[in-house]
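This briefing goes through one protein chain by topic. Please keep the sequence and the 3D view open while reading.

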Amino acid sequence: MRRFVPTLFALALLATGCGDRSLILTVNVLSFLDPAQVSAGYSVPGGLPAVTVDMVDQTVNLLQGVDDVTDISSATLDIAATLDNQTGTATGSVLFYAVPSDTLSPFASVPIASIPILLTPGTITNVSTRVSSLVLAEALVSDRARIGIRISLDTSATPVLQSVQGTETLTQLLATVVTKKKI
């Protein structure tokens with residue numbers, strides 16, 4: 001099905017015709033990720049004020065030629081995740097990154113979204129947010145993008161000999177990109 005997306009995109013561009021019409025692309029970024037990276041476990045020692053766990057670092061093939069024929073007007077991303085924490089207490093953030101290249105590390109850039117989290121033992125935490133970002137739009141209309149998800153934690157509230165353990169599952173990465181035909 002993904003092979004047909006560029007053809008459908010080309011047909012949609014032809015259908016836009018002349019004038020000031022917009023092409024709205026809704027991209028389920030989650031569907032482009034390796035299923036093994038959509039849900040992953042974490043285990044972090046207690047007593048650390050700043051530790052990061054990289055959950056996703058993946059190159060995705062997107063829509064070829066979109067950036068050649070359109071100008072970006074706006075982009076939004078709806079992000080949702082579930083953290084099923086088993087042991088330990090921590091505060092922190094779920095961070096989302098996207099870069100318009102498969103050669104750059106997404107973690108070398110500024111995160112597009114930062115969602116605060118509080119993890120307590122035996123608790124499931126659901127988080128979500130919506131962000132607007134032209135950086136995201138540039139990544140999503142490129143031929144390839146590199147997506148990164150990272151958890152940043154402060155485990156100081158958990159004793160040093162214990163750990164913060166659980167599973168993070170991405171439940172939504174839905175992007176909406178509004179473009180206009182280049183003149």
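The model is predicted. It is a chain of 183 residues, of which 45% count as buried. The chain contains four helices and nine strands.

**Confidence**
- The average pLDDT of the chain is 84, and 83% of the residues score at least 70.
- Residues 1–19 have a pLDDT below 50; beyond near neighbours in sequence, this stretch has 18 contacts in the model.

**Overall make-up**
- Read from the N terminus, the order of elements is α-β-α-β-β-α-β-β-β-β-α-β-β.
- Among contacts in the chain with a separation of 6 or more, 85% are between residues 24 or more positions apart.

**Strand pairing around E9**
- Strand E9 spans residues 163–181 and runs antiparallel to strand E1, residues 22–28, with seven bridges joining the two.
- In this pairing, Ser22 is placed opposite Lys180 of E9.
- Strand E2, residues 39–45, is also antiparallel to E9 and is joined to E9 by seven bridges.
- Here Gly41 stands opposite Thr167 of E9.

**Nonpolar core**
- In soluble globular proteins, nonpolar side chains tend to be buried together.
- The largest nonpolar core in this model has 47 residues, and Leu33, Phe96 and Leu170 have the most contacts inside it.
- Apart from neighbours within four places in sequence, Leu170 is in contact with Leu30, Leu33, Val38, Val56, Ala80, Ala81 and Ile149.

**Thr125**
- Thr125 lies in strand E7, which covers residues 123–132.
- Is Thr125 buried or exposed? Thr125 counts as buried because its relative accessible area is 14%, and the cut-off for buried is under 20%.
- The Thr125 side chain reaches the backbone oxygen of Leu118 at 3.4 Å.
- Which residues does Thr125 contact, leaving aside its neighbours within four places in sequence? They are Ala81, Thr82, Leu83, Leu118 and Leu119.

Notes:
Residues numbered from 1 in each chain as written. Predicted model: local features only at pLDDT ≥ 70, side-chain atom pairs only at ≥ 80, totals over all residues. Heavy atoms only, no water. Pairing = 2+ DSSP bridges. Buried < 20%, exposed > 50% of the residue type's maximum accessible area, 1.4 Å probe, protein only. Polar contact = N/O pair within 3.5 Å; in protein donor to acceptor, adjacent residues only side chain to side chain. Contact = heavy atoms within 4.5 Å. pLDDT = per-residue confidence, 0-100. Core = buried A, V, L, I, M, F, W, Y, C linked by side-chain atoms within 4.5 Å.
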